[in-house]
Amino acid sequence: MRITGITPHVVGTPWRNLTYVVVHTDEGLTGVGETRMLGHTDALIGYLNEAAAHHVVGTDPFDTEALVRRMKYGDYGRAGEIVMSGIACVEMACWDIKGKALGVPVWQLLGGKVTDRVKAYANGWYTTERTPEAYHKAARGVMERGYRALKIDPFGTGHFELDAGQSRYAVSLIEAVRDAIGPDAELMLEMHGRFSPSTAVRLAKEMAPFRPAWLEEPVPPENLKALEKVAAKVDLPIATGERIHDRIEFRELFASQAADIIQPDVGHIGGIAETRKLAATAETHYTLIAPHNVGGPVLTAASLQLGFSTPNFKVLEHFNDFADAEIKKVVKGAPQVDPETGCFEISYAPGLGVELDVEAAAEFPQQQARFDLWAEGWEKRAPK
């Protein structure tokens, strides 16, 4: 079997463009991969067009190790977010083809299942007025849909510092959310790399009574010493990693012992096998993995293949019941959260278990998607 070509399809919404890549073979089998780019979709498409000719076409889709290595190093330049995202789309599509060819789900090819279900946590649910009352109502809605966990950034447009009034307001939002979801649901606290170490430490202590499940990206991701400083002074688990695009770059993070949960994005870090290798390294450091997942149903399905087969997999992020929920129709077999358990139940469908509906995808043309975390009202994810 040989790859004969790749076809990208961009599904657009006002705040995110989702890039789906269909890989075609000479035996008629196709596979699909996905990533979500912020502001670089056209650059990704351009890279994929060049990579198809240089590295992909003519490859046996079963040879993913060689394909990833060639795409990552064969152009000599250091691979960043765009290249690693392009690799991820092609790589997960090849896993999809492998599973279909063999008649088994991808998790079976990764060592088999270690669990029958993967817990989900909701994101994109607080696209409402930024008030305690509105957040309380929205959080209740998440619980009523069966989720047992959710994530929120309550800090507005805070950057490095957050004054006393803004801090109290953020606390009031979290107090309302905790009241809405009860004492047992997990509440993930997102900081989006906003703060200086001292501000992050202070806010963590102010939020501690509401028992956050983790403190995510408390400081900008470029400075691991700053993260170590926070980790040394707070008692909450630290989560980070969505903006690291090469598993090799996690080495210093593991060595620092500053993170309890790592959050690689399968669509940005080179795909399924790269993430599985990273998870194995994390396991040797007694670290959990909870992939960043702002993508649509294909990226969710790919992340779940890892979840079902990875011992230290904690939970999977899910936007698609709340933000742009209508895009679920572009994929047949889109993963769904079971409202009885708050989990994704295991699928035995071959490959990734999903199929891109090209006609449905065409109903969502690419947009000039914009998402500025420093803009007033960013949390609504609404067009400007």
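I started with the radius of gyration, taken over C-alpha atoms, against the globule rule of 2.2 Å times the number of residues to the power 0.38. With 384 residues, a compact globule would come out near 21 Å, and the chain has 20 Å, so the two agree. I noted that this is a predicted model, where local features need pLDDT of at least 70 and side-chain atom pairs count only at pLDDT 80 or more, while totals for chains, interfaces and linings use all residues. Residues are numbered from 1 along each chain as its sequence is written, and side-chain values use heavy atoms, with hydrogens and water left out.

**Overall build**

Along the principal axes, the C-alpha atoms fill a box of roughly 60 × 40 × 40 Å. I looked up the secondary structure and got 12 helices and 15 strands; these are DSSP runs, numbered from the N terminus, with helices being H or I of at least four residues and strands E of at least two.

How much of the chain is buried? I found that 60% of the 384 residues count as such, where buried means under 20% relative accessible area, exposed over 50%, and partly exposed in between (1.4 Å probe, protein chains only). The chain exposes about 15,200 Å², and carbon and sulfur atoms supply 51% of that; the areas come from the Shrake-Rupley method with a 1.4 Å probe, and for residues only the protein chains shown count as cover.

Then contacts (heavy atoms within 4.5 Å). Among those between residues at least 6 apart in sequence, 73% join residues at least 24 apart.

**Charges and salt bridges**

I have 40 positive and 52 negative side chains, with the centres of the two sets 3 Å apart. Lys and Arg count as positive, Asp and Glu as negative, and His and the chain ends are not counted. Each charge is placed at NZ of Lys, CZ of Arg, CG of Asp or CD of Glu.

For salt bridges I used a side-chain nitrogen of Lys or Arg within 4 Å of a carboxyl oxygen of Asp or Glu. That rule gives 24 of them.

Arg-117 and Glu-345 pair up at 3.3 Å, N to O. Arg-117 is in strand β4 (residues 117-122) and Glu-345 in strand β14 (residues 343-345), so this pair ties together parts 228 residues apart in sequence. Both ends are partly exposed: Arg-117 at 44% relative accessibility, Glu-345 at 32%.

Next I checked Arg-247 with Glu-274, whose closest N and O atoms are 3.0 Å apart. Arg-247 sits in the loop between β8 (238-240) and α9 (251-256) and Glu-274 in helix α10 (residues 272-284), so the bridge joins parts 27 residues apart in sequence. Arg-247 is partly exposed at 30%, whereas Glu-274 is buried at 6%. I also see these two in a network of salt bridges with Glu-65 and Lys-277.

Glu-252 and Arg-251 form a bridge at 3.9 Å, N to O. Glu-252 is partly exposed at 48%, and Arg-251 is exposed at 57%.

**Positive phi**

Which residues other than glycine have a positive phi? I noted His-192, with phi near 55°, and Glu-217, at about 40°. His-192 is in the loop between β6 (186-190) and α7 (197-207) and is buried at 13%. Glu-217 is in the loop between β7 (214-216) and α8 (224-233), and Glu-217 is buried too, at 1%.
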